[in-house]
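Hi,

Here is the structure I said I'd pass on to you. Have a look at it first, and then read on for what turned up.

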Amino acid sequence: MKKGRLALLLCLSFALPVTACGRIDALWDSFFGDDSSAMASDSVEKASSSGTAAAFFKPETEVDIVPFPPVPLRWTQSISGTSVIYTSPQDKPSDSREQNENTATLSSEVRITYTKRTQGMDAYGYINAFVSKHQCRAPLRVGVGFYTAACPDSGSNVVVIGEVGNLYLIEISGIYDRSVKALVEGYVRAIISGKRVFHDRNVGMVER
């Protein structure tokens with residue numbers, strides 16, 4: 001997907017005014033990040049080491065960015081830095097004995113981040129850095145460039161799918177109900193079933 005097309009999708013998704021839509025394309029790299037210079041350096045190194053410049057001038061594989069999922073009914077959507085956050089409506093606990101004005105409400109949050117700034121790390125390196133930072137359990141490999149991890153201390157789970165310079169991070173916290181499951185599984189399915197989501201077409205392939 002070209003930048004202009006994604007800019008239009010973002011504009012429609014966030015219901016931005018026309019003037020703001022015109023500026024989205026210019027904000028592309030500041031929002032999503034850009035590892036293009038690092039990737040270009042890697043390409044130069046590979047071309048030099050192979051003794052030919054042909055590798056450097058090889059056309060890049062076309063890659064589309066998976067659009068953010070629609071907002072579920074009654075949920076809210078917000079932006080924090082480079083992440084899009086989906087928050088469910090808050091509900092009282094089902095235990096009637098605890099239902100009173102002082103009872104804490106329960107909600108769910110799904111934070112989705114797409115980034116090109118992976119600091120040269122692939123999905124495995126990225127999730128290991130995340131696990132170390134947030135004191136999560138050891139990551140589990142689901143497929144090619146596809147990992148999950150549980151973070152008991154924060155009561156959350158994380159999904160990482162991607163490759164160097166092209167990566168999706170999904171963080172799930174709070175109550176895990178049908179709406180959360182539909183949102184997360186739908187978005188993951190869109191990522192791993194896309195034909196032009198990654199440079200390496202094997203990324204996202206689930207191992208059985």
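One term before anything else: a residue is called buried when its relative accessible area is under 20%, exposed when that area is over 50%, and partly exposed in between (1.4 Å probe, protein chains only). On that scale, buried residues make up 36% of the 208 residues in the protein chain.

Some ground rules. This is a predicted model, so local features need a pLDDT of at least 70 and side-chain atom pairs count only at pLDDT 80 or more, while totals for chains, interfaces and linings use all residues. Residues are numbered from 1 along each chain as its sequence is written, and side-chain values use heavy atoms, with hydrogens and water left out.

How confident is the predictor? pLDDT is its confidence in each residue, from 0 to 100. The protein chain averages 77, and 64% of the residues score at least 70. Residues 1-28 fall below 50, although the model gives this stretch 33 contacts beyond near neighbours in sequence. (A contact means heavy atoms within 4.5 Å.) Residues 37-58 also stay under 50, with 10 contacts beyond four places in sequence. Please read those two stretches with care.

Now the overall layout. The protein chain has 6 helices and 7 strands; these are DSSP runs numbered from the N terminus, with helices being H or I of at least four residues and strands E of at least two. Along the sequence the order is α-α-α-α-β-β-β-α-β-β-β-β-α. Of the contacts with a separation of 6 or more, 57% are between residues 24 or more positions apart.

Which residues of α6 are buried? They are Val180, Leu183, Val184, Tyr187, Val188 and Ile191. These residues cover an arc of only 115 degrees around the axis, so they sit on the same side of α6. (The arc is that of the directions from the helix axis to the C-beta atoms.) On the other side of the helix, Arg178 and Ala182 are exposed. The buried residues of α6 pack against β2 (83-87), β3 (108-115), β5 (146-151), β6 (156-163) and β7 (166-174).

Take Val184 as an example from that buried side. Its relative accessible area is 6%, and beyond its neighbours within four places in sequence it is in contact with Val110, Ile170 and Ile172. Val184 and Ile172 are 12 residues apart in sequence, with their C-alpha atoms 8.3 Å apart in space. The N-terminal end of α6 is capped by Asp177, which has a side-chain oxygen 3.2 Å from the backbone nitrogen of Ser179.

Over in strand β3 you'll find Thr113, which is buried at 8% relative accessibility. The side chains of Thr113 and Ser83 make a polar contact of 2.6 Å. (That term covers a pair of N or O atoms within 3.5 Å; within protein, one must be able to donate a hydrogen and the other to accept it, and residues adjacent in sequence count only if both atoms are side-chain atoms.) Leaving out residues up to four places away in sequence, Thr113 touches Thr82, Ser83, Leu167, Tyr168 and Leu169.

Last, the charged pairs. Side chains of opposite charge can pair when their charged atoms come close. A salt bridge here is a side-chain nitrogen of Lys or Arg within 4 Å of a carboxyl oxygen of Asp or Glu, and the whole structure has 4. One of them joins Asp64 to Arg196, with the closest N and O atoms 3.2 Å apart. Asp64 is in the loop between α4 (36-50) and β1 (76-80) and Arg196 in the segment after α6 (178-192), so this pair ties together parts 132 residues apart in sequence. Asp64 is buried at 18% relative accessibility, whereas Arg196 is partly exposed at 35%. Glu62, Asp64 and Arg196 are linked in a network of salt bridges.

Another salt bridge pairs Glu207 with Arg141, at 2.7 Å from N to O. Glu207 lies in the segment after α6 and Arg141 in strand β4 (residues 140-143), so parts 66 residues apart in sequence are tied together.

Enjoy exploring!

Terms used:
pLDDT is the predictor's confidence in each residue, from 0 to 100.
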